[in-house]
Amino acid sequence: MKNEKPSIMRPVPLPASASRPVVTPLSMSVVYASDTPDMLDQQYDGDLQGYTYSREGHPNADVLGGLIDKLEDAPFPGVVTSSGMAAVSAVLLGLTKAGDHVIGGNQLYGRSLRLMSEDLPRLGITTSMVDPCDVAAVRAAIRPETTMILVEVVSNPTLRVADITGLAALAKETGVLLVVDNTFTTPRAFKAFDAGADIVIHSITKLLAGHSDVMLGYVAANTQELADRMRVFCVTTGMSPSPFDCWLAERGLLSFELRFDRAQSTAATLADHLAGLDGVKRVLYPSRDDHPDHARAAALLNGQFCNMVSFEMVGGRKSANAFTRAAEGLNFAPTLGDVGTTISHPASSSHRALTEAKRAELGMSEGFFRISVGLEDPKTLCDVFTAAVAASQG
Ligand SMILES: *Cc1c(COP(=O)(O)O)cnc(C)c1O
C-alpha cells in the first residue's frame with residue numbers, strides 16, 4: 001500500500017441548502033475555530049460574540065438558558081449547569097467564603113441538605129437549618145456573618161409552603177441574599193424574582209425537561225456581578241452541561257406549560273379522590289382546606305398548586321410494599337416531574353438516614369408516600385390508586 005499524505009480533516013463542508021431547519025441545530029463541537037489571534041483576543045475580551053471551548057459555553061446551553069430566563073423573568077442571563085445539584089453548588093460554593101454563615105430551609109432537597117451540613121462546614125462555612133414557614137425563627141438564626149438564605153417554595157415531601165414574602169422582606173432588611181430553589185413550583189406557579197429572590201435555582205431534570213432522560217440545572221441572579229461570579233465558578237469547576245442534554249431539554253421545555261397545567265389539574269383531582277378512600281389517613285395538597293399552608297399557597301402560588309401530592313396510609317412497611325406492588329403501571333422511583341406518574345417513599349429513600357422517631361416527628365411514617373402526578377387520564381389514575389390502596393389494606 002502506498003503512503004498517502006494525510007488529508008485535511010476539518011472542517012467537513014455541509015451540503016448547501018436554501019431552506020433552514022426548524023429545530024435548533026445540535027452543536028456537539030467542543031472547540032470553535034477563530035480566524036486570527038486578534039479575533040480570539042476580542043472574543044475572550046467580550047468585544048466579539050463567539051464560542052471558544054464548550055466548557056466555557058456553547059450554543060445549545062445559551063438557547064436553553066435563554067428560554068428559561070424568559071420563563072423566570074430573569075434580569076440577567078442564567079447559567080445552565082450539568083445537574084440541579086451543580087446549580088446548588090454554584091451558589092453555595094461559588095458565592096461563599098470561609099467564615100460565612102448560611103441558613104437553609106430544614107426540609108431542603110436531600111443532597112442540598114447534605115452539602116449544607118457536611119461540605120460547607122468542612123470548608124469553614126457554618127450553617128443553620130430553620131423552618132422557612134417561620135420568619136421569626138429565620139430572623140433569630142441570622143448572625144452578623146450570615147450571607148444567604150436558601151429555601152424551596154414547596155417542601156419535600158410534606159409540601160409545606162415557605163413564607164417567601166416574609167423571607168424576602170427579612171433578606172432585604174438584613175442585606176442577606178435570598179436564594180430560591182424553584183424546582184417544585186416552577187415559574188408557572190411562582191415567579192421567584194418578582195417575589196424578591198436574589199438568586200433562582202432549578203433542577204431542569206424535573207418538570208422543565210419533563211421526560212426523565214436528561215439531567216441539568218439552571219441558576220440565575222438579579223445582579224450582573226452575582227451572575228458573572230457563578231458563571232466563572234461553573235466554568236472553572238467543570239459544571240458545564242452537555243450540548244445534547246441541552247438540546248433534549250429544549251425539546252421538553254416546549255411542552256412544559258401544557259404538561260404542568262395538565263399534571264396539576266390531575267393532582268388536585270387525585271388529592272380529593274385519595275382523601276375519600278378507606279385506609280388513607282391524610283392527604284397533603286396545598287389547594288385543600290385541610291393543608292396547613294392553604295391560605296399562603298393560595299396567595300403565593302397564584303392559584304397553581306403544583307403536581308405533587310403526598311398522603312399517608314394506615315399500616316407499616318408491609319402495607320407500603322403491597323401498595324407499590326399493586327400500583328399497576330406507575331413507577332416506584334425517587335424522582336418527580338416525569339410525563340408518567342411516579343411514587344416515592346421517603347422512609348426508604350430520601351429520609352432513610354433518619355431514625356423512625358425523627359421521621360415520625362416530621363410526619364413521615366412507613367405509610368407516607370409522595371406522588372409526582374404525570375399526564376395519565378385522571379380517571380384511570382384514580383382507579384389505579386383505589387386498587388393499590390385497597391390492596392395495601394388487604
Ligand atoms: C432534584 C432536585 C435537585 C437536584 O437536581 P438534580 O438535577 O437531580 O441534580 C435540587 N433541588 C430540588 C428541589 C430537586 O427536586
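This is a predicted model: local features need pLDDT of at least 70, side-chain atom pairs count only at pLDDT 80 or more; totals for chains, interfaces and linings use all residues.
**Exercise 1. The partners of β9**

Task: State how β9 pairs with β8 and with β12, and name a residue pair for each.

Solution. 
Step 1. Strands of a sheet pair through backbone hydrogen bonds, either parallel or antiparallel.
Step 2. β8 and β9 are antiparallel and share 4 bridges. Here Leu 284 is placed opposite Ser 310 of β9.
Step 3. β9 and β12 (residues 368-372) also run antiparallel, joined by 5 bridges. Met 308 has Ser 372 of β12 as its bridge partner.

**Exercise 2. The order of the sheet**

Task: Give the strand order of the open sheet of 5 strands and find which strands stand at the edges.

Solution. 
Step 1. The order is β8-β9-β12-β11-β10, and the pairing is mixed.
Step 2. β8 (280-284) and β10 (331-332) each have a single partner strand, so they stand at the edges, and one side of each is left without a neighbour in the sheet.
Step 3. At the β10 end, β10 pairs with β11 (residues 342-344) in the parallel sense, over 2 bridges. Asn 331 faces Thr 342 of β11 in this pairing.

**Exercise 3. A β-α-β unit**

Task: Describe how β2 and β3 are paired and what unit they make with helix α4.

Solution. 
Step 1. β2 (residues 101-105) and β3 (residues 126-130) run parallel and are joined by 5 bridges.
Step 2. Within this pair, Ile 103 stands opposite Ser 128 in β3.
Step 3. With helix α4 (residues 110-122), the two strands make a β-α-β unit, and this unit is right-handed.

**Exercise 4. Backbone angles**

Task: Locate the cis peptide bonds at Pro 11 and Pro 157, then the positive phi values of Thr 186 and Cys 306.

Solution. 
Step 1. The bond joining Arg 10 and Pro 11 is cis, with omega about 0°. Pro 11 belongs to the segment before α1 (37-45).
Step 2. The bond from Asn 156 to Pro 157 is also cis, with omega near 0°. Pro 157 sits in the loop between β4 (146-152) and α6 (164-174).
Step 3. Thr 186 is not a glycine, yet its phi is positive, near 60°. Thr 186 lies in helix α7 (residues 186-189) and is buried, because its relative accessibility is 0%.
Step 4. Cys 306, likewise not a glycine, has a positive phi of about 75°. Cys 306 is in the loop between α11 (294-300) and β9 (308-313) and is buried, at a relative accessible area of 3%.

**Exercise 5. Surroundings of Ser 203**

Task: Decide whether Ser 203 is buried or exposed, and list its contacts outside its sequence neighbourhood.

Solution. 
Step 1. Ser 203 is part of strand β6 (residues 199-203).
Step 2. Its relative accessibility is 11%, so Ser 203 counts as buried.
Step 3. Once neighbours within four places in sequence are set aside, Ser 203 has contacts with Gly 84, Thr 183, Leu 216 and Gly 217.

**Exercise 6. Cavities**

Task: State how many cavities of 30 Å³ or more the structure has, and describe their linings.

Solution. 
Step 1. Rolling a probe the size of a water molecule over the atoms shows where empty space is left. The search of the whole structure gives 2 cavities of 30 Å³ or more.
Step 2. The largest cavity has a volume of about 50 Å³. Its lining includes Leu 207, Arg 259, Phe 260 and Asp 338. By class, this lining has 6 nonpolar, 3 polar and 2 charged residues.
Step 3. The second largest cavity holds about 30 Å³. Gly 105, Asn 106, Gln 107, Leu 108, Pro 132, Glu 152 and Ser 155 line it. These residues divide into 2 nonpolar, 4 polar and 1 charged.

Key. Residues are numbered from 1 along each chain as its sequence is written. Side-chain values use heavy atoms; hydrogens and water are left out. On a 1 Å grid over the protein atoms alone, a cavity is a set of points where a 1.4 Å probe fits but cannot get out, and a pocket is an open set with protein on both sides within 12 Å along at least five of seven lines; lining residues have an atom within 4 Å of a point. Grid points are joined across faces, edges and corners, and a volume is the space filled by probe spheres set on the points. Ala, Val, Leu, Ile, Met, Phe, Trp, Tyr, Cys and Pro count as nonpolar, Asp, Glu, Lys and Arg as charged, and the others, Gly among them, as polar. Two strands pair if DSSP finds at least two bridges between them. A crossover is right-handed if, with the strands pointing away from the viewer, the path from the first strand over the helix to the second runs clockwise. Buried means under 20% relative accessible area, exposed over 50%, partly exposed in between (1.4 Å probe, protein chains only). Contact means heavy atoms within 4.5 Å.
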